[in-house]
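Trainee: I have a new model open and would like to learn how to read it. Could you walk me through it, please?

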Amino acid sequence: MQKSGDSRAVDTTPGVTSTEPYKGLVYLYLSGGTDSFHMLAPHTCAPINVYERFRAIRGKNSLSEGIGMTLEEMLVIDGNNPDQPCSKFGIHPNLPILQTLYNDGDAAFIANAGLMSEPVD
């Protein structure tokens, strides 16, 4: 994925009075081999070490590194919510455009959001 460099179309419909640029939300629902934790993972977290929990869930143990991204291979971004334990997150190394878009303020992440598999009371 990369930026195209193309200009966005401007709505010239009469009655449009906003001077703000158009912003939209694109929601990607991913599951399986490219789920959200293969794209965005905890990096620097305290007091709870969310990264180690992430790696354990992804199969890391005394015999195997598992399938979770290592700290060294992640593309690091700053967290923006002081009420959660991670101050930094890591993006998959094959997705540097997401790091650039996030750092430029042109992308955001909504983690742990998805469809409910059954109703809750």
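Mentor: Gladly! Let's begin with a term we will need for the sheet: two strands are said to pair if DSSP finds at least two bridges between them. Please keep in mind that this is a predicted model.

Trainee: Thanks. Which residue is the bridge partner of Val-76 in strand 3?

Mentor: Look across from Val-76 and you will find Gly-90 as its bridge partner in strand 3. Strand 2 and strand 3 are joined by four bridges, in the antiparallel sense. The general idea is that strands of a sheet pair through backbone hydrogen bonds, either parallel or antiparallel.

Trainee: How many bridges join strand 1 and strand 3?

Mentor: Five bridges, again in the antiparallel sense. On this side, Ala-41 stands opposite Gly-90 of strand 3. Gly-90 is also the bridge partner of Val-76, which makes it a handy landmark when you trace the sheet.

Trainee: Which residues lie on the covered face of strand 2, and which on the uncovered one?

Mentor: Start with the general idea: in a regular strand the side chains alternate between the two faces of the sheet. Here, Leu-75 and Ile-77 make up the covered face of strand 2, while Val-76 and Asp-78 are on the uncovered face.

Trainee: Which residues make up the largest nonpolar core?

Mentor: That core has eight residues: Met-39, Leu-40, Leu-75, Ile-77, Ile-91, Leu-95, Leu-98 and Tyr-102. Strand 2 (75-78) and helix 3 (96-103) are the elements that each give two or more residues to it.

Trainee: What does Leu-75 touch, beyond its sequence neighbours?

Mentor: Leaving out residues up to four places away, Leu-75 touches Phe-89, Gly-90, Ile-91, His-92, Pro-93, Leu-95, Pro-96 and Gln-99.

Trainee: Which residues of helix 3 are buried?

Mentor: Here is the general idea: an α-helix has 3.6 residues a turn, so residues three or four places apart point the same way. In helix 3, the buried residues are Ile-97, Leu-98, Gln-99, Leu-101 and Tyr-102. After helix 3 comes Gly-105, with a positive phi near 80°.

Trainee: Is Arg-55 buried or exposed?

Mentor: Arg-55, in helix 2, has a relative accessibility of 2%, so it counts as buried. Aside from neighbours within four places in sequence, Arg-55 is in contact with Lys-60, Glu-65, Gly-68, Met-69 and Thr-70.

Trainee: And how does Phe-37 count?

Mentor: Phe-37 sits in helix 1 (residues 36-39). Its relative accessibility is 32%, so Phe-37 counts as partly exposed. Phe-37 and Ala-111 are 74 residues apart in sequence, with their C-alpha atoms 8.8 Å apart in space.

Trainee: Which cysteines form a disulfide?

Mentor: A disulfide is a covalent bond between the sulfur atoms of two cysteines. The structure holds one, formed by Cys-45 and Cys-86, with sulfur atoms 2.1 Å apart. The pair links distant parts of the chain, 41 residues apart: Cys-45 is in strand 1 (residues 40-45) and Cys-86 in strand 3 (residues 86-91). The torsion about their S-S bond is about 90°, so the disulfide is right-handed. Both Cys-45 and Cys-86 are buried.

Trainee: What share of the chain's residues is buried?

Mentor: Of the 121 residues, 21% are buried. The accessible surface comes to about 9500 Å², and 54% of that belongs to carbon and sulfur atoms.

Definitions and conventions. Residues numbered from 1 in each chain as written. Predicted model: local features only at pLDDT ≥ 70, side-chain atom pairs only at ≥ 80, totals over all residues. Heavy atoms only, no water. Disulfide = S-S within 2.5 Å. Buried < 20%, exposed > 50% of the residue type's maximum accessible area, 1.4 Å probe, protein only. Core = buried A, V, L, I, M, F, W, Y, C linked by side-chain atoms within 4.5 Å. Contact = heavy atoms within 4.5 Å. Areas by Shrake-Rupley, 256 points an atom, 1.4 Å probe, with all protein chains shown as cover.
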